Structures are given as structure tokens and as C-alpha cells.
Amino acid sequence: MMEIWLKAHENKNLFTMHRVERTLYRSKSKYQDLAVVDSPQFGRMLLLDGVIQTTLRDEPAYHEMIAHVPLFAHPAPRKVLIIGGGDGGTLREVLRHPEVEKAHLVEIDGQVIEASRRYLPELAAGFDDGRVKVHITDGIKYVQEASDQHDVIIVDSSDPLGPAVGLFNQDFYRNVRQALKKDGILTAQIESPFFNMDLLQQVYGSLTELFPIVRPYLASVPSYSPGIWSFMLASKKHDPRKAKREPADSWELRYYTSELHRAAFALPAYYCQALEETAEVADRAG
Ligand code: SAM
């Protein structure tokens, strides 16, 4: 039988190859090429422009860490804003917190939500929750106009390409700070520290000018080459390393634990050195 292999784009120098059992969906939206495929190694996958966004096999690592670290770092996360995240995985984790009264999700591409609802119902389960309001619009514009004050804002963006480029720059973070309450917390996915240190340094530099507390943290997400993934957390008041609550056993989480919450903020030496260099450059400039 003929084998079909997917060449997934990691960056301009690296592709990974995945054997594909079935292609369930292919479409081209105004913003990107969408695909949902089944692979024996990672299970069902969502791809945008040939880049893996999520896979059923390892999605808990990414979605639990992008959601539970900021929400447990906040004493009472009542209003949460998610920018991007159209697959629904981050929203599903946010809604586990009984403190959450309202969750807004701002996704630029409605077709991602439709594809996820149809082919990834395990991720999309939260879209019908009464606490959720979905906005199909550009997250950059949304935060410019946001008058709502949020406790936690999560930027669950795709890679910094096309419509997501502006989700990594300082003007956007300034508007996010504005949209947060005075003890609010921002978390953003910030790519791989192994391949994207320039981007991490740029984001760290931007956020340290805007927030008193900025802490990167890590998770292991095997389908995102090279497996180690970074998030950047910026807080107006609360020390994010200390979880204020714990998940209930009934949540049956697959990755996040209270121990991992603390440990995720421990960074490899090369990452710490890069952050120190960024701080030194900022000191010289200031
Ligand atoms: N977990 C994923 C990862 O790290 O690759 C990201 C998941 S989620 C599918 C990313 C979403 O961000 C996409 O659905 C994309 O359409 C959305 N997006 C990109 N740029 C955006 C923008 N400017 N405003 C709102 N959503 C945006």
C-alpha cells in the first residue's frame, strides 16, 4: 500500500516528516491553508500553512501549561481573554476553573473554529459553555479597543508569520497591559528557546519595559520541534511561581501538576544567559 508522508514546516531550515493515515480536511481560508490529518505517531493533527498547531497525543502539555500556570498564579481569575486559540484547547482548560465567570476568545479565522468543532471535538468542547463569548476578529485590533478589564490574558497564537506577526510586538503588549486589571497576568506562547532565542529576547525586552514581573517558563511538547517550548508570563503584581490553588483530581490533567508549576520556571543556563544579555543591553540603553 502507498505510504503518505506529511512534511511539516518547523522553520526555514527544518521540516519534520510524519506518516499520514488519513486526510480528513483541507481548505484555504482568507488567512491560511488549513488541514486536519490522522497520523499514527501523534494522532489527529491540525496544521495551518503546513505548521503543526496541535496534536491529540501531546496537546495536554501545551494547553494545560498555557492556561493553568497563569490562572493558578492569579488569586481570583474571573475574566479571561484568549487571543488566537481557535482550536479550543486553551479555552477548555480555562473553563475548568470554577472562578472563571466570563471567557472571551478572539480568533481571526472562523474556519479554524469550524474545523476544530467538526474534527477535534475533544479540544472544541468549551465553545458551547455559557460563560464563553467568541469574537471573529483580529486580536491586535481587539485589544486596542478593549475597554473590558481582564484578570488574565492568554495569547495562544500561531508562529510569528502573517496575521500573527503583530501579536509579538511591544505596541500589542502595551494594549494588553491596558486591557488587564491592576493585578492582571499575561501569558503568551513564545516558540522554542532552542531555535528562536532572538524572538524570546525581543519579547522579554519588550515586556520588562511594561511589567514589573516577567518570567519565562517551559513545557515539553514533543510534536513542536525540538520538543522544548517556551511561554512568557508578565504580571502586574502576583509572583507567578507560587500557585494559589491546585487542580481537582476530577480534572484528570495529563501534564500540569503543582510541582511542575514551580519547576517550569527553572530555565537552562543558555536561556538565563540570553535573558541577562537582554537586561544588560536594556540597562546600557536606559
Ligand atoms: N498551539 C498553537 C501553536 O503554538 O502553534 C497555536 C494554536 S491556535 C490554532 C493559533 C491561532 O491563532 C490560529 O487559529 C490563528 O488563526 C490565530 N491567529 C493568528 N493571528 C491572529 C490574530 N492577529 N488575531 C487573532 N487570532 C490570530
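Domain bounds here come from an automatic or database domain assignment. In this predicted model, the assignment gives the chain two parts: domain 1 (4-55) and domain 2 (59-285). Their contact takes 22 residues from domain 1 and 19 residues from domain 2. The centres of domain 1 and domain 2, taken over C-alpha atoms, are separated by 23 Å.

The ligand lies between domain 1 (4-55) and domain 2 (59-285), because both give residues to the shell around the ligand. The space that the ligand takes is the largest pocket. The shell holds 23 residues. By class, the shell residues divide into 9 nonpolar, 9 polar and 5 charged. Gln32, Glu107, Asp138, Gly139 and Pro163 come nearest to the ligand.

For Glu107, a polar side-chain atom lies 2.5 Å from a ligand oxygen atom. For Gln32, an N or O atom of the side chain is 2.9 Å from an oxygen atom of the ligand. Gln53 takes part through its backbone: one of its backbone N or O atoms lies 3.2 Å from a nitrogen atom of the ligand. On its own, the ligand has 600 Å² of accessible area, and the protein covers 100% of this area.

Conventions
Residues numbered from 1 in each chain as written. Predicted model: local features only at pLDDT ≥ 70, side-chain atom pairs only at ≥ 80, totals over all residues. Heavy atoms only, no water. Near = heavy atom within 4 Å. Polar contact = N/O pair within 3.5 Å; in protein donor to acceptor, adjacent residues only side chain to side chain. Areas by Shrake-Rupley, 256 points an atom, 1.4 Å probe, with all protein chains shown as cover. 1 Å grid on protein atoms, 1.4 Å probe; cavity = no way out; pocket = protein on both sides within 12 Å on 5 of 7 lines; lining within 4 Å. Sits in = over half its atoms within 2 Å of the grid points. Nonpolar A, V, L, I, M, F, W, Y, C, P; charged D, E, K, R; others polar. Contact = heavy atoms within 4.5 Å.
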